[in-house]
Amino acid sequence: MSKKVKSVVAHNAKELALSMGLSPADAVEWILRHSLTNQIIDTAECNELTVTQIAKAAQTSRARVTSVLKRDSQGISIDVLLRILGATGQTINISYTKAA
C-alpha cells in the first residue's frame with residue numbers, strides 16, 4: 001500500500017511558509033536572508049574580494065563568509081549578514097510595507 005502524496009503549489013514565500021505550517025514572519029525572514037545573501041555574493045564577485053578580506057573587515061570567521069558565499073546562510077544571524085554586507089562596502093536602505 002503506497003502513500004498518496006499531495007502536491008502543493010506556492011507562488012511566493014508567504015504561501016510556502018503557510019503551506020509548511022510556518023508563520024508569515026518566517027517568510028519575511030527568508031526574503032530578507034535571500035536578499036542579503038545575493039547582494040553579498042554579487043558585491044564580493046564584482047569587487048573581487050577574498051573570503052579573508054571580507055571576514056577580517058566583518059570581524060567574523062572565514063567559515064561563515066564561505067557559507068554565505070555558497071548561499072548557505074542558515075544558522076548565520078541577520079546582524080552577521082549585515083556586517084558581512086557592510087564589509088563588502090555596501091550600505092542598506094530599509095523600507096517597510098504593510099503585509100497583505
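Me: Which residues does Pro-24 touch, not counting residues up to four places away in sequence?

Reply: In this predicted model, Pro-24 touches Lys-14 and Leu-18. Contact here means heavy atoms within 4.5 Å. The C-alpha atoms of Pro-24 and Lys-14 are separated by 5.4 Å, although the two residues lie ten residues apart along the chain.

Me: Why is Pro-24 called partly exposed?

Reply: The relative accessibility of Pro-24 is 39%. Buried requires under 20% and exposed requires over 50%. The value for Pro-24 lies in between, so Pro-24 counts as partly exposed. Pro-24 is found in helix α2.

Me: How do you know that the span of α2 is close to the expected one?

Reply: Helix α2 has 23 residues and reaches 33 Å from its first C-alpha to its last. The expected span is 1.5 Å times one less than the number of residues, and for α2 this expectation is 33 Å.

Me: Which residues of α2 are buried, and what covers them?

Reply: The buried residues of α2 are Ala-27, Arg-33, Leu-36, Thr-37, Ile-40, Ile-41, Thr-43 and Ala-44. Their cover includes α1 (13-19), α3, α4 and α5.

Me: What makes Glu-29 and Arg-33 a salt bridge?

Reply: The N to O distance between the side chains of Glu-29 and Arg-33 is 2.9 Å. A salt bridge requires a side-chain nitrogen of Lys or Arg within 4 Å of a carboxyl oxygen of Asp or Glu. The pair meets this condition, so it is counted as a salt bridge. By this rule the count comes to one salt bridge. Glu-29 and Arg-33 are four residues apart in helix α2, which means that about one helical turn separates them.

Me: Why is Ser-73 called buried?

Reply: Ser-73 has a relative accessible area of 6%. This value is under 20%, so Ser-73 is classed as buried. Ser-73 is found in the loop between α4 and α5. Leaving out residues up to four places away in sequence, Ser-73 touches Arg-33, Thr-37 and Leu-81.

Me: What makes Val-68 a buried residue, and which residues is it in contact with?

Reply: The relative accessible area of Val-68 is 0%, under the 20% limit, so Val-68 is buried. Val-68 has its place in helix α4. Apart from neighbours within four places in sequence, Val-68 is in contact with Thr-37, Ile-40, Ile-41, Ile-76, Leu-81 and Ile-84. Val-68 and Asn-38 are 30 residues apart in sequence, with a C-alpha to C-alpha distance of 9.0 Å.

Me: What makes up the largest nonpolar core?

Reply: This core has 13 residues, and those with the most contacts inside it are Ile-40, Ile-54, Val-65, Val-68, Ile-76, Leu-81 and Ile-84. At least two of its residues are supplied by each of α2 (24-46), α3 (51-58), α4 (62-69) and α5 (78-87). The largest share, four residues, comes from α5. In soluble globular proteins, nonpolar side chains tend to be buried together. Val-65 touches Val-51, Ile-54, Ala-55, Thr-60 and Ile-84, not counting residues up to four places away in sequence.

Me: Why are Glu-48 and Gln-59 both called exposed?

Reply: Glu-48 has a relative accessibility of 69%, and Gln-59 has a relative accessible area of 68%. Each value is over 50%, so each residue counts as exposed. Glu-48 is found in the loop between α2 and α3, and Gln-59 in the loop between α3 and α4. Glu-48 has a positive phi of about 50° although it is not a glycine. Phi of Gln-59, also a residue other than glycine, is near 55°.

Me: How do you know that Tyr-96 is exposed, and what patch is it part of?

Reply: Tyr-96 has a relative accessible area of 73%, which is over 50%, so Tyr-96 is exposed. Its place is in the segment after α5. Tyr-96 makes a nonpolar surface patch of about 460 Å² with Leu-82, Ile-92 and Ile-94.

How values were computed
Residues are numbered from 1 along each chain as its sequence is written. This is a predicted model: local features need pLDDT of at least 70, side-chain atom pairs count only at pLDDT 80 or more; totals for chains, interfaces and linings use all residues. Side-chain values use heavy atoms; hydrogens and water are left out. A nonpolar core is a set of buried Ala, Val, Leu, Ile, Met, Phe, Trp, Tyr and Cys residues joined through side-chain atoms within 4.5 Å. Buried means under 20% relative accessible area, exposed over 50%, partly exposed in between (1.4 Å probe, protein chains only). Patches are made of residues with over 30% relative accessible area and no salt bridge: like charges are joined within 9 Å, nonpolar side chains (Val, Leu, Ile, Met, Phe, Trp, Tyr) within 5 Å. Accessible areas come from the Shrake-Rupley method with a 1.4 Å probe; for residues, only the protein chains shown count as cover.
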